[in-house]
Amino acid sequence: MNTTIKMLAIATVTLLPIAASPVAIAANSFAQTTVAQSVNLRDTLIIPGERVGPVTRNTTRRDLTRLFGESRLRDKTISGAEGIGQFAATEVNLGRERSFTVVWSNSARTQVGNVRNLGTAWKTREGIGVGTSLAELRRILGEFQIYGLAWDYGGTVVFEGTRLARYQGGLTLVLDAAPDAARRFPNNYQAVSGDRLFSSNNPNWQRLGVRVAAMTVNLAPDQGI
C-alpha cells in the first residue's frame, strides 16, 4: 500500500450569579443556547485539519449538545477504513445542506477523529464542497491526480503537487460520475476506472459529469478511522 493510500485509509459557560432566581437562570441559559446555536448554524466554513464550523479536534459529545441541541443528534457505530475496526459516531441533523457526521477517535466521544457526510453548504475558503465540478477543481488546484472509479478508493483526489498540497491528510475529496454516466458512456467510464491514477485532464472525464460526491475533514490524521 503506497503512501497516498495509507493517508486515505487514515481518513473528523458561563457562571451565573448565585443570587439569580431559577426562572432567571433558565431564561438566561435558554437565551445563551439559542444564540450559540444561531451563530454556529451559520458557520459552515471548513479549514482542513483544523475545524468544520465550530467543531474542532477537541470538541466533545457534550459540546455538540450545547452547540446544536440534543434533538439534532443521533449516536451510532461505523466501520473503519476498508471495514477494519468499529468507531463511535454522532450524526448532527441540521437539514440536508448543513448536516454532518462526527466520527470520534475514542469511545468516550470526547475527541473528534474526522467529520464526514457533509451537506452542500459546507465549503473550504476556496469554495470546495460537495457538488463542486471537476472543471472548478482544476481551476482551484491546477492539474491533479485522481484514483480511478469503481473501487474502494475510487474517485479520490490526490492533493500532492497541487496549489493546495497542504490539504493532503487534512481533507479527503471523493469524485464521482453522474448517476447515469456508466450506462450512457460505458467506454469513457471504463477508461478511467480501476486501482490506478488518472490525470484530471484526461479527456474521458469530460462526458461523465464528474463532481465532488463526498468529503471528509480529518481532525486527528494519526487515527485510522
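The model is a predicted one, in which local features need pLDDT of at least 70 and side-chain atom pairs count only at pLDDT 80 or more, while totals for chains, interfaces and linings use all residues. Residues are numbered from 1 along each chain as its sequence is written, and side-chain values use heavy atoms, with hydrogens and water left out.

Strand β7 (residues 112-116) pairs with β6 in the antiparallel sense over four bridges, and two strands are said to pair if DSSP finds at least two bridges between them. Strand β5 (residues 86-92) also runs antiparallel to β6, to which four bridges join it, and here Val92 stands opposite Phe100.

## A strand enclosed on both faces

In a regular strand the side chains alternate between the two faces of the sheet. In β6, Phe100, Val102 and Trp104 point one way and Thr101 and Val103 the other way, and all are buried; buried means under 20% relative accessible area, exposed over 50%, and partly exposed in between, with a 1.4 Å probe and protein chains only. Because five of the five residues of β6 (residues 100-104) are buried, the strand is largely enclosed by the rest of the structure.

Thr90 lies in strand β5 and counts as buried, at 0% relative accessibility.

Arg109 is found in the loop between β6 and β7 and is buried, with a relative accessible area of 15%. Its phi is near 60 degrees, a positive value in a residue other than glycine. Ala150, in the loop between β9 (145-147) and β10 (157-158), likewise has a positive phi, of about 70 degrees, although it is not a glycine, but Ala150 counts as exposed at 62% relative accessibility.

## The largest nonpolar core

A nonpolar core is a set of buried Ala, Val, Leu, Ile, Met, Phe, Trp, Tyr and Cys residues joined through side-chain atoms within 4.5 Å. The largest one has 46 residues, of which Phe100 and Leu208 touch the most other members. Among the elements that give two or more residues to this core are β5, β6, β7 and α4 (134-141), and the largest share, four residues, comes from α4.

## Helix α4

The buried residues of α4 are Leu134, Leu137, Ile140 and Leu141. They lie on the same side of the helix, because they cover an arc of only 120 degrees around the axis, the arc being that of the directions from the helix axis to the C-beta atoms. On the other side of α4, Ala135 and Arg139 are exposed.

The buried residues of α4 pack against β9, β10, β11 and β13. The helix is followed by Gly142, whose phi is positive, near 85 degrees.

Key
Contact means heavy atoms within 4.5 Å.
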